[in-house]
Amino acid sequence: MNYNQLVEKHYEAVFRFCYYFLGSRQDAEDLTQEVFIKANNKLSTLESESSAKSWLLQIARNKCIDQKRWWKRLFALKEQVGALQLESSHSPDMKIILEKALNLLSARQKEVFIYRHFMDYSTEQTAELLGINPGSVKSHLSRAIEKISKDLE
Amino acid sequence: MDNELEKIWESHLSQEKLNKVKAQLDQIKDISVPINLKAKILNPEPSSSKLRYSLLPLSAICLLMFLLFNTKSQDSYQISLHSEISSNETRELDSVLSFYLEDDNFNLTLSELSILEEEGK
């Protein structure tokens, strides 16, 4: 598989994943480009065509986590202010609460939640993509839903 | 949302609330991929986010400079004078300056200051 084929086949999935993870369209677009730059540089390490998607999503995941860490450090105060505003809001929009709750999940919980809810992967497919067993996927998913439900109460 | 997911949700939320959650999750899920993204990936340009972030330190320096020079005139005098002398001399000059800096029109050269300091002794 050459680079152009790799982009053609997977750029939409990578963009969607980055968007769901970061919650920002612009950041997702920038990060998708960075993912493919990295992928192009390391294309020789790609073992097989069948593992390309999982490989790209793994790169995307690491990039998203780095971006979140950086963002968190720089704008920790902004997040606190945002949380206060949310708490003080009389009747906050459910979509905002959901997005906020998603942001509070651990990276693994969030990843599992995204694959299962937004990218339509089954438990088995998610497990395969993440290299973990289906039982762990279910466990991360249950905890994620439990946390989000508490925020929605 | 498949049956497996629905069952987990149902154990935490009422059906009414779950329907609302489903609608909102669908809204979050429904994102269009930028039309020109593929072209951008195949012909990469410098990332706009990197450019944005690289401008942040510069903005911080500008803000600092603004705050520094937007303070009282007294501070400005001290900054300009202290920048012309060594750190050892700073402490000695401070005692002289603290008296004369009460005047907003105060404007002396270093040689005039040294004369004042001599007279002070």
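Start with chain A: eight helices and zero strands. Helices are DSSP runs of H or I with at least four residues, strands are E runs of at least two, and both are numbered from the N terminus. From that terminus on, the order is α-α-α-α-α-α-α-α.

This is a predicted model; local features need pLDDT of at least 70, side-chain atom pairs count only at pLDDT 80 or more, and totals for chains, interfaces and linings use all residues. Residues are numbered from 1 along each chain as its sequence is written, while chains are lettered from A and ligands numbered from 1 in the order in which they are written.

**Colour by confidence.** pLDDT is the predictor's confidence in each residue, from 0 to 100. Chain A averages 84, and 84% of its residues score at least 70. Now select residues 84-91 of chain A, where the pLDDT is below 50. Beyond near neighbours in sequence, this stretch has three contacts in the model. A contact means that two C-beta atoms, placed from the backbone, lie within 7 Å. Where pLDDT is low, the predicted coordinates should not be read in detail.

**Select Leu31(A).** It sits in helix H2 of chain A. Is Leu31(A) buried or exposed? Leu31(A) counts as buried because it has 26 C-beta neighbours inside 10 Å. The cut-offs are 20 or more other C-beta atoms within 10 Å for buried, 12 or fewer for exposed, and partly exposed in between, with C-beta atoms placed from the backbone. Leaving aside neighbours within four places in sequence, Leu31(A) contacts Cys18(A), Leu22(A), Lys63(A), Cys64(A) and Gln67(A).

**Show H5(A) and H8(A).** Which residues meet here? Ile97(A), Leu98(A) and Ala101(A) of H5(A) meet Lys147(A), Ile148(A), Asp151(A) and Leu152(A) of H8(A). By class, that contact has five nonpolar, no polar and two charged residues. Ala, Val, Leu, Ile, Met, Phe, Trp, Tyr, Cys and Pro count as nonpolar, Asp, Glu, Lys and Arg as charged, and the others, Gly among them, as polar.

**Bring in chain B.** Here 30 residues of chain A are in contact with 27 residues of chain B. Select H1 (3-22), H2 (25-41), H5 (94-103), H6 (107-118) and H8 (134-152) of chain A; each supplies at least two residues of the side that touches chain B. H2(A) gives the largest share, nine residues. The residues on this side of chain A divide into twelve nonpolar, eight polar and ten charged.
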